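The sequence and the model come first, and the description follows.

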Amino acid sequence: MHSLSRRHFMAFAAGGTVALAAGRVHAHDATVQAHPYPTRGGSDPGPRDPIRERENPDLVNPPPTDSGTLPNLRFSFSDAHVRKGTGGWTRQVTQRELGVSTTIAGVDMRLNAGGIRELHWHKEGEWSYMLYGKARITALDADGGWFIDDVGVGDLWYFPPGVPHSIQGLGPDGCEFLLAFDDGNFDEDSTFLLSDWFKHLPPEILAKNFGVPAATFATLPAPEEEYIFAGNVPGALAADAIRGGKKSARVFSHRMMAQKPITLAGGTVRITDASTFPISKTIAAALVELQPGAMRELHWHPNNDEWQYYLEGEGRMGVFAASGQARTFDYRAGDVGYVPFAMGHYIENTGTTPLRFLELFKSDRYADISLNQWLANTPPALVEQHLHLDQTFMQALNKTKTPIVTGD
Ligand code: MN
Ligand code: MN
């Protein structure tokens, strides 16, 4: 028996004893460890993928409180096809990859220095979070106003449905960003591309439209050569200002990291929705950072499903789906998570480094309901008759919402 699988087998077979001794699980450990719950069910002598199981301790040994069936609530961008171009690459996690994700589709895109995401538009609203490097974005609003800005790590942009735009990687090493579209069925391969339309118009129509000879259009590039293509790094932002044009009165970018966060003992929360970023009418966001051991408190959202992107670290999420159903999923950097509308949930940092993730909602506002705050703001006698808990519990209830808890 291979040493890795043998160790795994032994840990599995020994069940609760080993699991309890192991304490907190670190997914980078060489063996698949059981979570610190008494395990049931015995060994697994058949085929297995220890690498995947190591990433899924809460699937392999679920908390005994888990029960029933929930749809899959996680998909890793590392399991998504990468479409490569001369200027970068892109991959997407949509409803096709993660069936439950009907409200939002995600795209992870890399543009090398000078790399251009072709001028295009689409039916969906586009929200973005910059993951790495610097980019220049351009757009035109419906009043003919131009918009150009440079964005860096932690900055956002939002392009409303139908608004044409472009993205270009700047020096020294381009950029990578997360895109979120307000429709789970979005397809990054089905956008309206500048080169595609030019290629599918009679030259005499183009000639008439632009007032130039038809021969002008004899050597148009193939659309498949564009989409994401290598280009030249542009000069200073000010030099790209459109002379004689009208600058847009709208602001399509936002510095999320410049917002003062809600700071708690176990981490921070930044919330950006249409109240702080007015153009972003269809995507509301929270950026959460949890210190090791800290937890996003038990809560749910009264407005829509939650789409998550894990930026850094490792954690787990427990989701309560009513009717006695509850499941726990494990997450790490590069994963997409999902919580269907109104389902109760928590997210716990199970790693040794900060856990950072984005919560996104197809909504113009961020909203959540805290279980703790709800019980604290309900007549105590009424609560006591439900849960039969002692005065220590009743006195610990907090009328102030505390989105992150440490248990200390
Ligand atoms: Mn776009
Ligand atoms: Mn939530």
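## Where domains 2 and 3 meet

In this predicted model, 21 residues of domain 2 are in contact with 18 residues of domain 3. On the side of domain 2 that touches domain 3, the elements giving two or more residues are strand E6 (126–133), strand E9 (155–159) and strand E11 (175–181). Sorted by class, that side of domain 2 has 13 nonpolar, six polar and two charged residues.

The C-alpha centres of domain 2 and domain 3 are 32 Å apart. Domain 2 covers 78–254 and domain 3 covers 259–405, while domain 1 takes in 3–60.

## The nonpolar core

The largest nonpolar core has 72 residues. Ala135, Tyr158, Phe177, Ala180, Leu358 and Leu360 are those with the most contacts inside this core. Why does the core lie between domain 2 and domain 3? Both domain 2 (78–254) and domain 3 (259–405) give residues to it, so the core lies between them. In soluble globular proteins, nonpolar side chains tend to be buried together.

## An open sheet of seven strands

Seven strands form an open sheet, in the order E1-E23-E20-E25-E18-E17-E16, and their pairing is antiparallel. Which strands are at the edges of the sheet? The edge strands are strand E1 (74–76) and strand E16 (262–264), each of which pairs on one side only. On average, neighbouring strands of this sheet are turned by 20° against each other, with direction ignored.

One pairing within the sheet joins strand E17 (residues 267–272) to strand E18 (residues 284–290). These two strands pair in the antiparallel sense over six bridges. In this pair, Gly267 stands opposite Leu290 in E18.

## The chain as a whole

The secondary structure of the protein chain comes to nine helices and 27 strands. Along its principal axes, the C-alpha trace spans about 80 × 60 × 35 Å.

Of the 408 residues in the protein chain, 39% are buried. How many of the contacts between residues at least 6 apart in sequence join residues at least 24 apart? For the protein chain the share is 75%.

Note on methods:
Residues are numbered from 1 along each chain as its sequence is written. Chains are lettered from A and ligands numbered from 1 in the order in which they are written. This is a predicted model: local features need pLDDT of at least 70, side-chain atom pairs count only at pLDDT 80 or more; totals for chains, interfaces and linings use all residues. Domain bounds come from an automatic or database domain assignment. Two residues are in contact if their C-beta atoms, placed from the backbone, lie within 7 Å. Helices (H or I, at least four residues) and strands (E, at least two) are DSSP runs, numbered from the N terminus. Ala, Val, Leu, Ile, Met, Phe, Trp, Tyr, Cys and Pro count as nonpolar, Asp, Glu, Lys and Arg as charged, and the others, Gly among them, as polar. Two strands pair if DSSP finds at least two bridges between them. Axes are lines fitted to C-alpha atoms, for helices over the stretch in contact, and angles run from 0 to 180 degrees between N-to-C directions. A nonpolar core is a set of buried Ala, Val, Leu, Ile, Met, Phe, Trp, Tyr and Cys residues joined through C-beta atoms within 7 Å. A residue is buried if 20 or more other C-beta atoms lie within 10 Å of its own, exposed if 12 or fewer, and partly exposed in between; C-beta atoms are placed from the backbone.
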